[in-house]
Amino acid sequence: MLNTDKPLKQFFSIGEVAERFGVTESLLRFWEKEFPTVIKPMKNQRGKRMYSDKDIDRIALVYHLVRERGMTLEGARRKITQEKGSGQMERQLRIINYLKSVRDELQAIGRELNDLN
């Protein structure tokens, strides 16, 4: 099994990040404008966005609030602002991601069991 504790890459392109979340690059740029204090990718010498793991975690937070919980952009901004600094949102997101990985694992086990029948 791959050890995901140590990242293989330090920075990811906008295309890689968009693919990871199943969104368009233009949506990521839009979220960057809508959440300027949250999503702040570095830009290389050519002006291309380069996302760190921390940037990706912040995008995951926005994605969770807007896409998964169905919050408006304003509602998501308020939620992030209210809980910024407390670390509560980041903890909740880590728990959600962990639970999703457990769900995926259980679904994979279920598929394997069905294949045995």
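User: How many helices and strands does the protein chain have, and in what order do the elements run from the N terminus on?
Analyst: This is a predicted model. The protein chain holds five helices and three strands. Read from the N terminus on, the elements follow the order β-α-α-β-β-α-α-α.

User: What does the C-alpha trace of the protein chain span along its principal axes?
Analyst: The protein chain has 117 residues, and 29% of them count as buried. Its accessible surface comes to about 8,600 Å², with 52% of that belonging to carbon and sulfur atoms. Along the principal axes, the C-alpha trace spans about 55 × 35 × 25 Å.

User: What share of the contacts with a separation of 6 or more is made by residues 24 or more positions apart?
Analyst: A contact here means heavy atoms within 4.5 Å. Among contacts in the protein chain with a separation of 6 or more, the share from residues 24 or more positions apart is 53%.

User: How far apart do the centres of the positive and negative side chains lie?
Analyst: The protein chain carries 23 positive and 17 negative side chains. The distance between the centres of the two sets is 7 Å.

User: Which residues of helix α1 are buried, and what arc do they cover around the axis?
Analyst: Helix α1 covers residues 14-21, and its buried residues are Ile-14, Val-17, Ala-18 and Phe-21. They sit on the same side of α1 because they cover an arc of only 100 degrees.

User: Which exposed residues are on the face of α1 turned away from its buried side?
Analyst: The buried residues of α1 are covered by elements including β1 (12-13), α2 (25-34), β3 (49-51) and α3 (53-68). Just after α1 comes Gly-22, with a positive phi of about 70 degrees. On the face turned away from the buried side of α1, the exposed residues are Glu-19 and Arg-20.

User: Which residues of α2 are buried, and within what arc do they fall?
Analyst: The buried residues of α2 are Leu-27, Leu-28, Trp-31 and Glu-32. They line one face of the helix, since seen down the axis of α2 they fall within an arc of 145 degrees.

User: Which elements are included in what covers the buried residues of α2?
Analyst: One of the buried residues of α2 is Trp-31. Not counting residues up to four places away in sequence, Trp-31 touches Ile-39, Ile-59, Val-62, Tyr-63, Val-66, Arg-67 and Leu-73. For the buried residues of α2 taken together, the cover includes α1, β2, β3, α3 and α4.

User: Which residue follows α3 with a positive phi?
Analyst: The buried residues of α3 are Asp-55, Ile-56, Ile-59, Ala-60, Leu-61, Val-62, His-64, Leu-65 and Val-66. After α3 the phi is positive, near 75 degrees, at Gly-70.

User: What separates the C-alpha atoms of Met-42 and Arg-29?
Analyst: Met-42 and Arg-29 are 13 residues apart along the chain. Their C-alpha atoms are separated by 13 Å.

User: Does Ser-52 count as buried or exposed?
Analyst: Ser-52 is in the loop between β3 and α3. Leaving out residues up to four places away in sequence, Ser-52 touches Gln-10 and Phe-11. The relative accessibility of Ser-52 is 17%, and the limit for buried is under 20%, so Ser-52 counts as buried.

User: Does Asn-114 count as buried or exposed?
Analyst: Asn-114 has its place in helix α5. From C-alpha to C-alpha, Asn-114 and Phe-21 are 29 Å apart in space, and they are 93 residues apart in sequence. At 55% relative accessibility, with exposed meaning over 50%, Asn-114 counts as exposed.

Technical notes
Residues are numbered from 1 along each chain as its sequence is written. This is a predicted model: local features need pLDDT of at least 70, side-chain atom pairs count only at pLDDT 80 or more; totals for chains, interfaces and linings use all residues. Side-chain values use heavy atoms; hydrogens and water are left out. Helices (H or I, at least four residues) and strands (E, at least two) are DSSP runs, numbered from the N terminus. Buried means under 20% relative accessible area, exposed over 50%, partly exposed in between (1.4 Å probe, protein chains only). Accessible areas come from the Shrake-Rupley method with a 1.4 Å probe; for residues, only the protein chains shown count as cover. Lys and Arg count as positive and Asp and Glu as negative; His and the chain ends are not counted. The place of a charge is taken as NZ of Lys, CZ of Arg, CG of Asp or CD of Glu. The arc is that of the directions from the helix axis to the C-beta atoms.
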